[in-house]
Amino acid sequence: MKYLIRSARITDPRSALNGKKMDIFIEGGEIKQIRNHIQTTEKVKVIQSENLFVSPGWLDMQANFCDPGNEHKEDVSSGLKAAAAGGFTGVCLSPATQPPVSSKSQIEYLLSKARGNAVEVYPMGTATHQLAGDDLSEMYDMKLAGAVAFTDDKKPLKDAGLLMRCLQYSSNIDSLLITHCDERSISKGGLMNEGVQSTAMGLKGIPAIAEELMLERNLAMLKYVGGRMHIPFVTTKRSVDLIKNAKAQGLAVTAGVAAINLLMVDTALEGFDSNLKLNPPLRSIEDVEALRRAVNTGVIDVVVSDHTPEDVENKEIEFDYAAFGAIGLETAYACVQTAIKKIEPEQLANCLSIRPRIILGLPPCEIKEGTNANLTLFDPTMEWTFERHHIHSKSRNTALIGHLLHGKVLGIINKNQFVSVL
């Protein structure tokens with residue numbers, strides 16, 4: 001298939017063409033030409049829009065497709081449709097399924113189910129066997145099968161000795177350890193951020209120190225052992241400072257934030273909307289402002305969807321008993337653009353495309369002639385209202401329906417396929 005992208009602003013800070021409006025001709029999945037204007041008599045699919053930006057394809061480092069085990073909430077096929085609608089050409093899959101992804105055969109299963117899709121799957125394996133938090137998983141076998149990182153998802157590695165062994169082993173096989181920071185002996189039973197809002201609502205809070213205390217411990221262990229560590233969810237101002245200081249000391253630590261945690265604060269839970277019952281929780285306005293600054297300055301490396309599908313039986317019930325989590329693939333980019341209106345397109349490309357691939361050790365995705373066309377098309381100025389028909393996930397657990405958002409994904413190109421989101 002042949003594609004011609006007309007007059008798109010190239011958004012790739014590593015490219016000499018960054019910021020320039022160019023035509024891009026793609027044939028057989030490869031970028032053949034980038035010119036000011038390309039004329040052709042060939043039969044091509046022309047892609048154009050009034051304010052078209054093109055970025056290296058985005059990669060989401062945190063999504064759960066519930067496959068295997070809970071395919072009624074999501075499966076690989078529906079999850080990839082949601083990812084494409086959100087502008088992602090790649091997605092890292094959480095191993096927190098039923099059963100957990102703890103073996104070579106399970107990694108191969110996920111890769112097989114995604115084969116041929118425009119959106120590439122990057123499976124992650126469990127750090128501990130079956131997420132039990134006792135013994136190391138078969139990391140080496142899973143890496144050979146295609147696992148890009150190891151994590152126990154939102155189950156923190158509470159045993160310090162186990163964390164040390166995970167770091168040592170993952171370092172020996174040149175792999176990334178992703179570990180969630182939450183001291184459960186403090187946060188257990190919490191339903192939302194601890195603060196004025198939780199007190200007013202009469203709900204048990206999740207204190208910021210539960211995240212910060214474990215983050216301090218994990219950074220201390222990283223300094224002692226070495227290796228590479230990624231903190232998937234940073235949500236507090238002090239956590240941002242801890243990450244910044246650790247990087248200044250030369251530690252190989254990177255960090256992410258969920259897009260919804262940039263957009264909304266804990267006061268949004270005033271109406272007891274269970275779709276805003278999240279783990280980690282929405283924090284205070286002071287915390288959120290610190291997170292936005294950290295994304296803008298690069299202290300936080302990546303923004304993730306934290307796509308967590310749930311069925312109505314687990315969400316449309318009393319707030320206390322509702323499950324944590326929300327879908328987020330279709331809205332992740334718009335949440336960032338809405339929350340940080342003055343964010344530069346180049347910084348968006350950094351946190352949605354370039355940094356995720358560097359952190360995971362994946363080949364770079366570039367906009368230049370002779371490379372594979374792996375692209376995300378978007379308009380950072382478009383305003384739109386998110387409605388139910390925009391949802392491609394099997395689940396509907398989101399509080400953003402009816403919200404006016406800024407920034408719209410227009411489509412993706414990858415593996416010689418164009419998926420339009422218009």
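Residues are classed as buried when their relative accessible area is under 20%, as exposed when it is over 50%, and as partly exposed in between (1.4 Å probe, protein chains only). The model is a predicted one, in which local features need pLDDT of at least 70 and side-chain atom pairs count only at pLDDT 80 or more, whereas totals for chains, interfaces and linings use all residues. Residues are numbered from 1 along each chain as its sequence is written, and side-chain values use heavy atoms, with hydrogens and water left out.

Helix H8 comprises the 12 residues 237-248, helices (H or I, at least four residues) and strands (E, at least two) being DSSP runs numbered from the N terminus. Buried positions in H8 are Ser239, Val240, Leu242, Ile243 and Ala246. Because these residues cover an arc of only 160 degrees around the axis, they lie on the same side of H8, the arc being that of the directions from the helix axis to the C-beta atoms. Lys244 and Ala248, on the other side of H8, are exposed. The cover over the buried residues includes helix H7 (208-225), strand E13 (229-231), strand E14 (253-258) and helix H10 (285-297).

Key: Expected span 1.5 Å × (residues − 1). Contact = heavy atoms within 4.5 Å.
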